[in-house]
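Here is a short briefing on how two chains meet. Have the model open as you read, and follow the contacts one by one.

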Number of protein chains: 2
Amino acid sequence: MERTGAAAIIIGNEVLTAKVKDENGPHLIQRLRELGIPLVSVETILDDVDAIVDAVARARRKARYVFTSGGIGPTHDDVTVRAVALALGRPVVRLPEMVSAIQARAGTSPVTPESLRLADAPEGAVLLAQPGMWFPVLTVGDLFLLPGVPQLFRLQLETVLSRLSGTPVHLVNLYFNLGESALAAVLDRVALDMPHVAIGSYPVFDAAMDYRVKVTVEAPERAHVDDAVGRLLAGFPADALVRRG
Amino acid sequence: MERTGAAAIIIGNEVLTAKVKDENGPHLIQRLRELGIPLVSVETILDDVDAIVDAVARARRKARYVFTSGGIGPTHDDVTVRAVALALGRPVVRLPEMVSAIQARAGTSPVTPESLRLADAPEGAVLLAQPGMWFPVLTVGDLFLLPGVPQLFRLQLETVLSRLSGTPVHLVNLYFNLGESALAAVLDRVALDMPHVAIGSYPVFDAAMDYRVKVTVEAPERAHVDDAVGRLLAGFPADALVRRG
């Protein structure tokens with residue numbers, strides 16, 4: 001698979017056990033879409049070294065940018081740094097600049113061995129200064145290790161995204177009063193003829209709605225979208241289209 | 001890895017492109033938790049045959065029950081049945097009972113070749129009658145192919161869950177006014193000594209909260225939870241605990 005776009009890994013026992021509802025995945029999805037960076041997957045997995053190693057290795061094979069959420073901290077369940085290092089085949093090292101930051105933050109309080117775990121990172125890690133936080137963004141190449149706490153995740157995400165660029169997508173929605181079975185043959189043909197345009201078909205089963213199927217047509221090039229929309233509409237009676245938007 | 005519990009695969013271009021926010025993953029997480037069926041992962045992936053094959057094969061290796069959401073239907077982007085069949089190494093067959101159901105539902109309208117795609121399933125599939133819907137639940141062994149439309153997903157999920165049984169979990173939450181670095185050494189020790197108890201540590205960074213870290217302690221056996229809670233509390237001054245719940 002071509003390594004473009006992004007993949008996300010939400011490391012969260014607390015999510016999978018319904019203790020908290022994940023906010024970071026949906027937020028990341030929204031922000032990447034706004035920037036035009038395609039997202040290939042969001043995996044929510046347990047705080048388990050093997051599971052994280054596996055997910056990180058696969059994410060790196062299928063996407064250029066990999067975001068992790070969670071498992072960054074000083075306690076026993078914070079295993080993301082170690083797992084990412086394993087996935088990259090790199091040792092974990094203690095970063096002197098993070099040790100200094102932890103000591104500065106502790107002030108006159110004792111610095112515990114556990115608090116120094118925050119200074120551990122895969123070898124080759126680069127820290128990005130995070131405005132508004134003493135804790136920088138931990139990155140290794142195009143892999144970004146973000147904290148699971150939503151307000152911290154959002155702050156650090158913006159610091160990362162400010163360095164990336166994407167290609168915004170043109171999207172047209174077509175709302176039809178036909179069912180999917182009646183639309184399928186035309187959708188098939190246009191999708192096959194225009195592989196560079198993404199066409200989606202989403203039925204609703206609610207008599208209160210004014211349409212039965214929403215068809216989405218999108219591509220980076222507006223002309224390609226317009227072309228596909230024209231071909232689709234040519235395949236149906238004019239009154240099959242409820243509206244477009 | 002031991003094959004217990006469940007894994008979920010959300011097949012959704014529309015989710016990953018921020019067109020809709022996934023409701024099925026969070027709902028499944030909640031319902032499995034209520035039933036005490038542990039969930040090992042929720043992967044949201046594209047409507048792509050290779051991606052689905054890979055996700056299904058991995059899910060089956062790590063979990064007994066596999067739930068998919070989406071990609072069930074008559075249009076070009078509905079590739080779940082084909083991908084699941086590939087992952088299982090089985091051919092796709094047309095189910096006569098589904099052909100009959102589709103014909104019955106069409107009544108006097110013509111049955112299009114595309115509408116008959118709904119009758120395709122991996123060989124060996126079993127259909128579960130779905131109260132309130134003409135469309136049954138499509139299952140293959142312990143793999144459940146649910147539709148992506150949330151109200152249909154929920155209906156079919158209950159039909160599946162009524163046949164499964166789990167082991168509800170006992171959970172105690174401990175709210176501390178200490179930071180994670182101060183808690184880490186004791187958490188480490190108890191987590192190491194009691195591998196059958198899951199201990200989680202979740203900091204908050206909001207001065208308006210009355211605590212700094214929530215520690216979760218859970219296990220199927222209540223006595224194990226009580227034991228772990230006792231050991232944790234013995235490791236801290238009495239006034240470190242804000243409350244338990």
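A:D188 forms a salt bridge with B:R117 (a side-chain nitrogen of Lys or Arg within 4 Å of a carboxyl oxygen of Asp or Glu), and their closest N and O atoms are 2.4 Å apart. This is a predicted model, in which local features need pLDDT of at least 70, side-chain atom pairs count only at pLDDT 80 or more, and totals for chains, interfaces and linings use all residues. Residues are numbered from 1 along each chain as its sequence is written, chains are lettered from A and ligands numbered from 1 in the order in which they are written, and side-chain values use heavy atoms, with hydrogens and water left out.

**Charged and polar links**
- Between chain A and chain B there are four salt bridges, while the count over all chains is 28.
- Chain A and chain B also share 18 residue pairs in polar contact, both residues at pLDDT 80 or more. A polar contact is a pair of N or O atoms within 3.5 Å; within protein, one must be able to donate a hydrogen and the other to accept it, and residues adjacent in sequence count only if both atoms are side-chain atoms.

**The interface**
- The elements that give two or more residues to the side of chain A that touches chain B include α2 (24-35), β2 (39-45), α3 (49-62) and α7 (180-193) of chain A. Helices (H or I, at least four residues) and strands (E, at least two) are DSSP runs, numbered from the N terminus.
- In contact (heavy atoms within 4.5 Å) are 51 residues of chain A and 52 residues of chain B.
- The two chains bury about 4200 Å² between them, 58% of it on carbon and sulfur atoms; this is the accessible area (1.4 Å probe) lost on putting the two parts together, summed over both.

**Strands across the interface**
- β2(A) pairs with β2 (residues 39-45) of chain B in the antiparallel sense over five bridges; pairing needs at least two DSSP bridges between the strands.
- A:V42 has B:T44 in β2(B) as its bridge partner.

**Symmetry**
- Chain A superposes on chain B by a rotation of 180° with 0.0 Å of shift along its axis (RMSD 0.0 Å), by least squares on the C-alpha atoms of residues with pLDDT of at least 70 in both.
- That is the relation of a two-fold axis.
- In chain A, A:E43 has the C-alpha nearest the axis, 2.1 Å from it.
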